[in-house]
Amino acid sequence: MNKILLLNLLLCLLGCKSVSRPMDFVEENIDFARKQIGNEINIIEASGRFLNPVTLQEDGSVYYCGYADWRSGFFPGSVWYLYELTGDENLLPLADKYSRGMEEAKNLTWHHDVGFMIYCSFGNGYRLTGNPEYVEVIVQAAQSLSTRFREVPGIIQSWDVDRGWMSERGWECPVIIDNMMNLEPLFEATRLTGDSTYYQIAVVHADRALEEQFRPDGCCYHVIDYDLTTGAVRNRHTAQGYAHESVWSRGQAWAVYGYTVCYRETGEPKYIQQAIKTFKFMKNHPAMPADCIPYWDMEAPAIPDEFRDVSTAACMASALYEMSTMDIPFANRYKEYADRLMESMASDAYRAKVGENGNFLLMHSVGSIPHGAEVDKPLNYADYYFLEALKRKQYIEKGLN
């Protein structure tokens, strides 16, 4: 064979070997998730009890939560996503069972996270199966959440100020940016019932948060405390960040995700504009590491020796994939950044080995450093948003959007 032709053939083969097709990445991570979550399912089923894994405790054992924990919907939601990603019909009754195990959360009225709890579980279940039994659960959850709407300030109150550590803060009506993640079941409840009240509550809340929760550069405060009598802002604080004026990273991801959802549901340009502005703030932050996995707070004092927060990256990646499917300028750039996040999260630095890490998918998340809770641990919501991002990437690569 001609030496030049042989050389070109070898270069081609080497080049082809070095290029990973997008669907190879998706399928490899689906296979990993199937094994890892499958291990946890085996433990749960062997126990004969309702176990809902959240994180690892200091002794290395898995912490399992009850239905009232704000994180109770994420593991059932992860099983729904695994079912969707694999098409494995054996997962369908398990996803249903794990969701029904925390159904009572639909009646909770003492905090705002019923959206996380019910929509990640029953919301995905309804989307995938159309089971009419799930409708009542979603609508009841929306009703419970609506009881926390405060008309004068025009917001959904996050926490009751007489509970636990919150009673020490002096707040009157705290609203956290996390609330933006709990508006989706309100939009869904209006679709399911025809009652526009739920939709209106979501929009009024999103608009007030847009006015009060953000700084001019696009990043957001964690907590806004309102006066229930006048509706005025009393305080702009943090509960989980380094300082009131610092940049708590997961809060920025909640904002990007939440306002992307609001744009999808309403078509209001101001919502996607805020989502993009907050994302660009994070992307261009001078402290952003080369692998794009944020520090738990982008202004924590010991950077670069501060802990990273994979849960922020996972939520951000999922939001960016959805953003990339929208009719907005430079949409593909958001997919490109999401791909970078996914490549980092799926690397040995952040993705666990099969059978390790308590059978959670991802390592190195941060719950709340000020509370000394889940510091540099796996978290079920990091896994949930990683799987959601993987599903969205799969759909995009297959042209199913």
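## Aromatic pairs

The count of aromatic pairs comes to 23. Rings of Phe, Tyr and Trp (its six-membered ring) pair if their centres lie within 6.5 Å; planes under 30 degrees apart are stacked, over 60 edge-to-face, and the rest tilted. The model is predicted: local features need pLDDT of at least 70, side-chain atom pairs count only at pLDDT 80 or more, and totals for chains, interfaces and linings use all residues. Residues are numbered from 1 along each chain as its sequence is written, and side-chain values use heavy atoms, without hydrogens and water.

Trp-159 and Trp-171 are stacked, because their ring centres are 6.0 Å apart and their planes lie at 25°. Both lie in the loop between strand 4 (155-156) and strand 5 (174-176), so the pair ties together parts 12 residues apart in sequence. Strands (E, at least two residues) and helices (H or I, at least four) are DSSP runs, numbered from the N terminus. Trp-159 and Trp-171 are buried (under 20% relative accessible area, 1.4 Å probe, protein chains only).

## A link between helices

Phe-279 and Tyr-334 pair edge-to-face, at 5.8 Å centre to centre and 75° between the planes. Phe-279 is in helix 10 (residues 269-283) and Tyr-334 in helix 12 (residues 331-345), so this pair ties together parts 55 residues apart in sequence. Both residues are buried.

## Charges over rings

Arg-351 lies over the face of Phe-32, 4.1 Å from the ring centre. The charged end of Lys-391 sits over the ring of Tyr-395, 5.4 Å from its centre. The rule asks for NZ of Lys or CZ of Arg within 6 Å of the ring centre and within 35 degrees of the ring normal.

Conventions. Buried means under 20% relative accessible area, exposed over 50%, partly exposed in between (1.4 Å probe, protein chains only).
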